[in-house]
Amino acid sequence: MPIFDQHRKAPVSIKINGVCKAFGERIVLNQLNLEVNPGEIFVLMGPSGVGKSVFLKLLAGLDRPDAGHITINRTSLDRVKKTNKYVLGLVFQAGALFNSISVFDNLALYFREHALYDEAEIEKRIFQVLHMLNLQNTAFLMPSNLSGGMKKRVALARGLLMEPDVLLFDEPTSELDPMTAASIIELIGFVNKNLGMTTVIVSHDIILAKNIGTHIGVIQNGKIDEVYTAQTIMCAKNEYVKNFLNPTINLEHPNFLSLLS
Amino acid sequence: MKVLKDWQYAFVLLWQTFKELRYLPRQWQRCIEHSCNMGYKTFPIVGILSLFMGGILALQTGYSLSNLPGAQTFLGSIVGLSMCRELGPLMTAFLLTGRVGSAITAELASMSAYQEIDALKTMNLSPTRLLVMPRVLGGLLMMPLLTMFSNVLGWIGGWFVVKTVDVISIDGGTYWRSLQQFVDLDSLNDGLVKAEIFALTIILMSCSIGLRTFGGPREIGASVTSTLVQTMIAILTLDYFVTKLLL
Ligand SMILES: Nc1ncnc2c1ncn2[C@@H]1O[C@H](COP(=O)(O)OP(=O)(O)OP(=O)(O)O)[C@@H](O)[C@H]1O
Ligand SMILES: [Mg+2]
C-alpha cells in the first residue's frame, strides 16, 4: 500500500533574487542569488555560523528578507504562504518536536488540524513512515525520551508525511552515527527520486552532498558565488571551497603557540 | 517601551483570537482541557485564601465596629459586598496570574525558544488557533466559577469568625440576613464582569509575552517574571477604572 500519492504534483522551481538579511550590524546574507530546478536536490554547504539556518528560515517563510525576492514557480513566497498554494516542509536542525505530546500525536497533528484524513488512514500512514525510519517502537514515547538522532528522524517523518512541494532540511545528518546518517541520506535520495519534490539541504556533510546532491553551493560572505555538481566540486579552484572540503590540520598553529608564551 | 509592545501584541492576539473563533469546533476539546487544568490548579488555593480573607475581613471590621453600638449588624453586608464586588475577583485574578499565567508564559516561551512555534508555522497551523484561543476560552470559562467559589468561601470564612470570636456580638443568623439583604444580583454580576476582564488580561498578556520570547532558559525565566509584574499592575489599574464604570 503506497502512502504517498502516486499521481503526484509537478515539481516546483525556486528562485532567490538578491536576498539580504542582517541582524543589527551583523550582515548575514548579502545579495544572495540562487536558482533551484524543479525536482532536484540542492545542497548548501558552508562553515558554522555563515547563515545557513537563517537562509533556510527565509526560504520557509518563517522570517522575511530585508531585501530581495523569493519565488516558487514564479509565485512570490508571501503569496504562497498566504494562499497555501504550495506546501513547504522544514526539518529543523534539533527536530523542534512538540514536547508536550507523544511522537504519534506529533506526526498526526498536521493531518488532524487540517482534517486531511480519518484516524485509521492517519494511523496507517504514520506507522508506514515510522517503519521506514525504523522508529516503530517510539510511536507512543514522549519526545523528551528520545535521543538526538531519534528526534531528527521523527522530524524527518513529520516533514515527509506533509507531502510537501518543497522539502527543506537543516543539517539532516549532524549528530548521527555514520550508519544512521547513511540511511538518512539514502532515504532522502529515495524520496526525492520517487516523489520528485524539490529538496534543499543545508549541511556540512560532504558525503551527503556528493551522493545525492544534484547541485552544490557553498555560501561565502553571505552569497553563493558558484554552483557545483558532485564531480566539479572536488576540483574547485576557489581557495575557500578547497579549504572547506579539505581542511588542513596544523597542531603548531601560531594562535595556539601564543597561548604558551 | 517593551511594556507597550507587550500590550500592543496582546491586543493583536485578542483580535486574532476573535478571527480564529470560527475554528472553535475543532478546538473545543482543547478549550475544555485547558479549562479543567486551570481549575484543577487554582481551586484549592483560591478556596483556602478566600476562607482566610473573609475571616480576616470580619475580624478587622467587627473589631473596629465593636464600640459603635448596633454597627456590627452590618458586618454581613460588609463582608458580603467586599468579597463579591472586589476581593473575590481580585484575589482570584492574582492567583490565576501566579498559577496559570506564569505557567502559560513558561510553556509558550520554551516552545518559542525550541522552535516549536516555527514548526507550527511551517505546517501552516496558526499558533493563535492552537495555543492562544483554547487558553483564552478556557480561562473565560473557569474564571466565573473560581470567582463564585471564592465569594462563597469568603462569606463562610466571615461567618465562622462571627460565630467564634467573642468581640463580635452578633450571631450567625444576623450575619447571613444582613448579607442576603445587601448582596444582590447586580453586585454579583459586577464582580463577575470584572473577573472576566481580569481573566482575559491575564491570559492574553501571558501568551503575548510567552510567544515573543527568544533565546534560552534565561529569557524564559525573565519572561515569567515580566508576566507576573505586568499582569498584576494591569489588573489593579483596570480594577480602578472598571470599578468606576460599574459604580
Ligand atoms: N535571531 C537572530 N538574532 C541575531 N542574530 C542571529 C539571529 N539568528 C541568527 N543570527 C546570526 O546569524 C549568523 C548565522 O547563523 P546561522 O544559525 O544561520 O548559522 P549556520 O550557518 O546555520 O551555522 P551552523 O552550521 O552552526 O548551524 C550567526 O552569526 C548568528 O549569530
Ligand atoms: Mg544552522
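Reader: Hi! Let's start with the sheet in chain A. What's the strand order, and is the pairing parallel or antiparallel?
Author: Happy to walk you through it. In this predicted model, chain A has an open sheet of four strands in the order β2-β1-β4-β5, and the pairing is antiparallel.

Reader: Nice. Which are the edge strands?
Author: Those are β2 (26-36) and β5 (75-76) of chain A, each of which pairs on one side only.

Reader: And how many bridges are there between β1 and β4 of chain A?
Author: Strand β1 (residues 14-23) and strand β4 (residues 67-72) of chain A pair over five bridges, in the antiparallel sense. To give you a spot to look at, Asn17(A) has His69(A) in β4(A) as its bridge partner.

Reader: Which strands does α1(A) touch when it packs on the sheet?
Author: α1(A) touches β1, β2 and β4 of chain A, and its direction makes about 125° with that of β1(A).

Reader: Is that helix mostly covered or mostly open?
Author: Mostly covered: six of the eight residues in α1(A) are buried. They are Lys52(A), Val54(A), Phe55(A), Leu56(A), Leu58(A) and Leu59(A). If you follow the chain onward, α1(A) is followed by Gly61(A), which has a positive phi near 80°.

Reader: Good to know. What about the core: how many residues does the largest nonpolar one have?
Author: It has 120 residues, and those with the most contacts inside it are Ile16(A), Leu29(A), Phe55(A) and Leu59(A). Helix α7 (residues 185-211) of chain B gives the most to this core, with nine residues. Another core lies apart from it, with 14 residues, among them Leu75(B), Val79(B), Met83(B) and Leu179(B).

Reader: I'm curious about Leu29(A). What is it in contact with, leaving aside neighbours within four places in sequence?
Author: Quite a list! Leu29(A) is in contact with Val19(A), Cys20(A) and Lys21(A), with Gly51(A), Val54(A), Phe55(A) and Leu58(A), and also with Ile219(A) and Gly222(A).

Reader: Switching topic: what coordinates the magnesium ion (ligand 2)?
Author: Two side-chain atoms do, OG of Ser53(A) and OE1 of Gln93(A), at 1.9 to 2.7 Å. Ser53(A) sits in helix α1 (residues 52-59) of chain A, while Gln93(A) is in the loop between β6 (88-91) and α3 (103-113) of chain A, so the pair ties together parts that are 40 residues apart in sequence.

Reader: And how exposed are they? Ser53(A) first.
Author: Ser53(A) is partly exposed, with a relative accessible area of 29%. Gln93(A) is partly exposed too, at 31% relative accessibility.

Reader: Now aromatics. How many aromatic pairs are there over all chains?
Author: The count comes to ten. One of them is Trp7(B) with Phe11(B), a tilted pair at 6.2 Å centre to centre and 35° between the planes. Both residues lie in helix α1 (residues 2-20) of chain B, four residues apart, or about one turn of the helix. Trp7(B) is partly exposed at 28% relative accessible area, whereas Phe11(B) is exposed at 54%.

Reader: What sort of pair do Phe43(B) and Phe149(B) form?
Author: That pair is edge-to-face, 4.9 Å centre to centre with 75° between the planes. Phe43(B) comes from helix α2 (residues 24-64) and Phe149(B) from helix α5 (residues 127-164) of chain B, so the pair ties together parts that are 106 residues apart in sequence.

Reader: Last one: which residues do ring pairs link into a cluster?
Author: Phe104(A), Phe127(A) and Phe140(A).

Key:
Residues are numbered from 1 along each chain as its sequence is written. Chains are lettered from A and ligands numbered from 1 in the order in which they are written. This is a predicted model: local features need pLDDT of at least 70, side-chain atom pairs count only at pLDDT 80 or more; totals for chains, interfaces and linings use all residues. Side-chain values use heavy atoms; hydrogens and water are left out. Donors are N, O and S atoms within 2.8 Å of the metal (3.2 Å for Na, K and Ca); water is not among the atoms, so sites may look incomplete. Helices (H or I, at least four residues) and strands (E, at least two) are DSSP runs, numbered from the N terminus. Buried means under 20% relative accessible area, exposed over 50%, partly exposed in between (1.4 Å probe, protein chains only). A nonpolar core is a set of buried Ala, Val, Leu, Ile, Met, Phe, Trp, Tyr and Cys residues joined through side-chain atoms within 4.5 Å. Contact means heavy atoms within 4.5 Å. Two strands pair if DSSP finds at least two bridges between them. Axes are lines fitted to C-alpha atoms, for helices over the stretch in contact, and angles run from 0 to 180 degrees between N-to-C directions. Rings of Phe, Tyr and Trp (its six-membered ring) pair if their centres lie within 6.5 Å; planes under 30 degrees apart count as stacked, over 60 as edge-to-face and the rest as tilted.
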